[in-house]
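Please keep the sequence and the 3D view open as you read.

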Amino acid sequence: MKTANWPLWYLRKKCPQAQKSAKSRNCSKPGRRQKAALAGLIFQRGGENMANLWKKAAACFLAAAMLSGGGPELCAKAAGTPEVITAASETGRAKTAEAAGEISVVRKGNILLLSGKGALTKEALKNMDFSGITEIQIQPGITTIASGAFQDQKTVQRVSLPDSVLTIETNAFRGCEALEELHFGKSLKTIGSFAFYRCKSLVSLALPDSVKTLETGAFQECTALKNAVLGSGVKKLPIQLFRGCTALETVETGKKLEVIGEQSFCLCRSLKNFAIPSEVYRIDKNAFLGCTSLTLNLPEDLEDQGDGSYRKKGGLKIFGTYLYSEAEKILTLVNQERGKLGLEPVEMDRELLEGAMIRSAELNVLYSEQRPNGASFDSVSSKARAENRLIGVGSAREAMEVWMQSEGFKGHILDPEVKSIGVGCFSQGKIKCWVQLFGREKAERPGKQADISKLTDIRVAGENYTFYLGKTALELEPGKSEKLTVYLKNSGFSKASAAVAPETFQWSSSNSSVVSVDENGTVTAKKGGEATITCTSRYGDRQSLCAKVKVQVKLTAIRPEAKNIRLAVGKKYRPKLELLPSNAANTALTYKSSRPSVVTVTEDGSLLALKKGSAVITCTAGDGSRVRTKFTVTVRNYASAVRVVNAPADLNVGEKQLLQTEILPVNALHKEVNWKSSDPKIASVTKSGVLKANRPGKVKITCQARYGAGAVKSFYVTVHPKTPVLYGKALEGGVKLAWKVPEGAKNCTVYWTNAPGRKFRKLCTSTGRSYTWKNLKKGRTYYFKICAMAKVGKKNVYSPWSKVLEVTVK
């Protein structure tokens with residue numbers, strides 16, 4: 001039914017009451033009056049012609065729809081037909097919702113179309129009936145699938161995500177048990193915890209390379225999942241990523257994978273193929289627990305930690321000195337104390353000595369009865385039965401005094417069953433670490449050893465250690481170097497930190513053209529700018545530390561405009577100084593006058609001539625480079641100002657003009673001037689002041705008094721193109737015109753008239769050299785003139801008009 005088929009005259013004839021009703025509703029426009037009248041007609045005749053109640057209801061709904069401006073779709077719907085949503089209405093609703101910043105939800109059979117901008121939330125879908133929905137298509141514009149947005153939708157089988165989606169949050173598709181196909185966009189970065197937990201029908205998985213972060217249990221218990229391809233952007237597999245994926249057979253990862261988290265593949269009993277990339281430095285506990293079909297081939301540099309985890313081989317490297325001389329002193333003092341009680345002296349044992357030296361170095365990293373690798377102290381030697389340790393004292397005597405004040409340590413020293421001892425003393429910087437290891441077996445005496453400084457490899461277990469850089473910000477000059485040192489905080493002794501050897505880390509620069517760094521952590525500045533130096537530990541949790549380096553280019557030279565500057569009495573002038581190099585970071589200068597009574601100088605370098613005489617001005621760089629320069633200022637009755645009396649604003653190409661000047665004061669000692677053109681190709685000026693226009697353009701002419709700094713006058717001259725010469729030839733019923741476009745001109749314009757005294761009209765504008773005008777009246781005389789146009793900046797400039805050319809048509 002269309003209201004356009006119901007003319008207004010018909011409604012008036014058939015139903016005057018309905019027409020009256022339409023007028024009473026202020027339906028002034030014809031379309032509205034038609035709809036209102038039709039509604040009245042339906043109400044009036046409903047009781048007479050509609051026998052069934054449902055027909056009356058349909059008629060009422062139709063009337064309401066027509067009164068409200070409803071379209072044919074609503075009318076059809078009211079009459080009891082199935083719901084139909086046209087493509088046009090869908091597009092309109094989606095655009096309206098998107099413009100309002102909302103999410104548009106459109107259903108097409110079993111397909112759900114979602115569009116809009118920003119986050120797609122659970123709240124936006126709360127009124128949506130998902131019954132029968134098997135496919136979800138998300139349109140570009142949506143950036144986030146929010147937490148729980150599609151959780152527990154049991155009928156959804158296919159999901160397509162556009163490139164605009166960056167994040168899939170926690171539980172977004174959790175429990176979508178029928179989900180079989182999953183298509184990700186190319187820009188996805190993060191998949192949240194349990195996002196696809198228990199998607200039991202999902203068979204395959206392919207993540208784009210853009211994905212950087214996977215969170216706990218993202219694909220846990222996807223029991224039908226067989227194949228998974230993880231993009232090259234994933235560096236860490238989180239806890240329980242594929243836990244309980246019992247059908248999972250193959251997993252492909254990128255070469256940049258570094259960490260495999262706890263229980264990542266736990267209970268994946270069908271897993272057969274998984275190659276561990278060479279970059280993996282950590283596999284956490286039970287990562288492959290219950291993978292009964294998997295034969296795991298570990299890289300050679302990974303070693304079992306004894307708790308189901310693996311770490312890359314290697315450890316901290318620290319540099320220090322083993323003080324065997326101090327060990328001998330401690331042995332002497334121990335036997336003195338034992339002798340006081342009549343106990344047998346102990347002897348230095350070779351194995352215990354080396355173990356004690358190792359333990360003393362380990363105390364520099366971790367002051368504890370446990371070793372840094374988590375083992376007990378006695379694991380360093382099978383002979384060790386007890387240990388005394390100490391950190392921070394400077395001499396053997398002080399160490400013994402502290403030990404003898406502790407009942408526990410004293411008991412070890414005076415134990416009658418002790419027969420052998422090993423003493424360790426390790427020094428790094430101002431910190432000394434001391435260790436005694438006691439044995440009950442007869443000593444195997446070592447040979448005499450001298451103190452030795454060397455690099456020591458120390459294993460550290462777990463992740464409870466903290467590195468820091470001695471300096472996190474550096475300022476260097478180009479060519480200068482400085483070494484960065486990394487320290488490990490001693491968690492057992494807050495006043496101590498171990499300097500870690502640079503070999504423990506990988507060093508890199510964010511901009512090696514500005515700052516370079518070598519394997520020893522030595523930073524070298526190359527040129528002005530900023531860069532970040534990053535060092536990353538080669539093992540463990542690969543902690544990274546950063547230092548900001550700013551390379552400041554300092555001044556190397558200051559060059560004044562002249563070694564001798566002449567000023568008129570009372571003249572204020574700021575001389576030009578050239579600072580080298582031009583990219584110096586700090587260009588601040590300080591100034592000093594040798595005779596302030598003659599010439600004063602301000603903070604910005606401005607000079608003021610007070611009286612006749614001379615003074616030396618000293619300029620010093622303020623960046624600490626100690627660069628300075630000096631120049632002399634002579635004050636006399638020199639020129640203080642210069643004027644150009646006849647400075648022209650415009651000249652035509654080829655014209656010349658002698659410039660005239662006026663020097664002030666009139667009694668100035670010297671009145672000579674120097675002339676300068678900013679572009680002699682456009683206009684040149686001779687020493688005597690003859691200005692010549694050479695080609696179209698704009699140029700700056702400067703007049704400078706030869707004696708008297710600051711006595712300067714400048715003006716601008718616009719040079720117009722040269723007037724072209726116009727030639728003409730009479731033709732049968734026409735005229736042929738010819739000319740030459742002057743140098744520097746863009747085009748020429750010809751004007752004409754057919755009688756002297758009449759207004760000239762435009763004939764043509766051309767970049768060519770001729771023009772033929774046909775179909776002219778025979779015997780009539782025409783008059784022509786021409787000018788050239790040149791482009792000067794954004795402005796058009798024109799030459800003078802040529803002489804008028806007279807041509808009579810044949």
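## An exposed arginine and its partner

R445 counts as exposed because its relative accessibility is 61%, where exposed means over 50% relative accessible area, buried means under 20% and partly exposed lies in between, using a 1.4 Å probe and protein chains only. This is a predicted model, in which local features need pLDDT of at least 70 and side-chain atom pairs count only at pLDDT 80 or more, while totals for chains, interfaces and linings use all residues. Residues are numbered from 1 along each chain as its sequence is written, and side-chain values use heavy atoms, with hydrogens and water left out.

Which residue does R445 form a salt bridge with? The partner is E347, and the closest N and O atoms are 4.0 Å apart. A salt bridge here is a side-chain nitrogen of Lys or Arg within 4 Å of a carboxyl oxygen of Asp or Glu. The pair links distant parts of the chain: R445 sits in the loop between β23 (431–439) and β24 (452–458), while E347 belongs to strand β20, 98 residues apart. Helices (H or I, at least four residues) and strands (E, at least two) are DSSP runs, numbered from the N terminus. E347 has a relative accessibility of 34%, so it counts as partly exposed.

E444 is partly exposed, with a relative accessible area of 43%, and R350 is partly exposed at 44%.

Elsewhere, R359, E362, R371, E387 and R389 are linked in a network of salt bridges. The count by this rule comes to 22 salt bridges.

## Helix α7 and what follows

Helix α7 has 17 residues, which should span 24 Å at 1.5 Å a residue; its end C-alpha atoms are 25 Å apart, so the two values agree. The expected span is 1.5 Å times one less than the number of residues in the helix. Among the buried residues of α7 are Y324, I330, L331 and V334.

Just after α7, G342 takes a positive phi of about 75°. E344 is found in the loop between α7 (324–340) and β20 (347–348). With 63% relative accessibility, E344 counts as exposed. The C-alpha atoms of E344 and K419 are separated by 7.9 Å, although these residues are 75 apart along the chain.

## A hairpin and its neighbour

Strand β1 (residues 104–108) and β2 run antiparallel and are joined by five bridges; two strands pair if DSSP finds at least two bridges between them. V105 stands opposite L114 in β2. The two strands form a hairpin with two residues between them, and G109 in the turn has a positive phi of about 65°.

Strand β2 (residues 111–115) is mostly covered, as four of its five residues are buried. β2 also pairs with strand β4 (residues 135–138), in the parallel sense and over four bridges. In that pairing, L113 stands opposite Q137 in β4.

## Two open sheets

Strand β12 (residues 227–229) and β14 pair over three bridges, and the bridge partner of A228 in β14 is V251.

Another open sheet has three strands in the order β27-β32-β31, with antiparallel pairing. Here the edge strands are β27 (481–483) and β31 (515–517), each pairing on one side only. The twist averages 20° from one strand to the next. β27 is joined to strand β32 (residues 522–525) by three bridges, and V523 in β32 is the bridge partner of E482.

Conventions
Axes fitted to C-alpha atoms, helices over the stretch in contact; angles between N-to-C directions.
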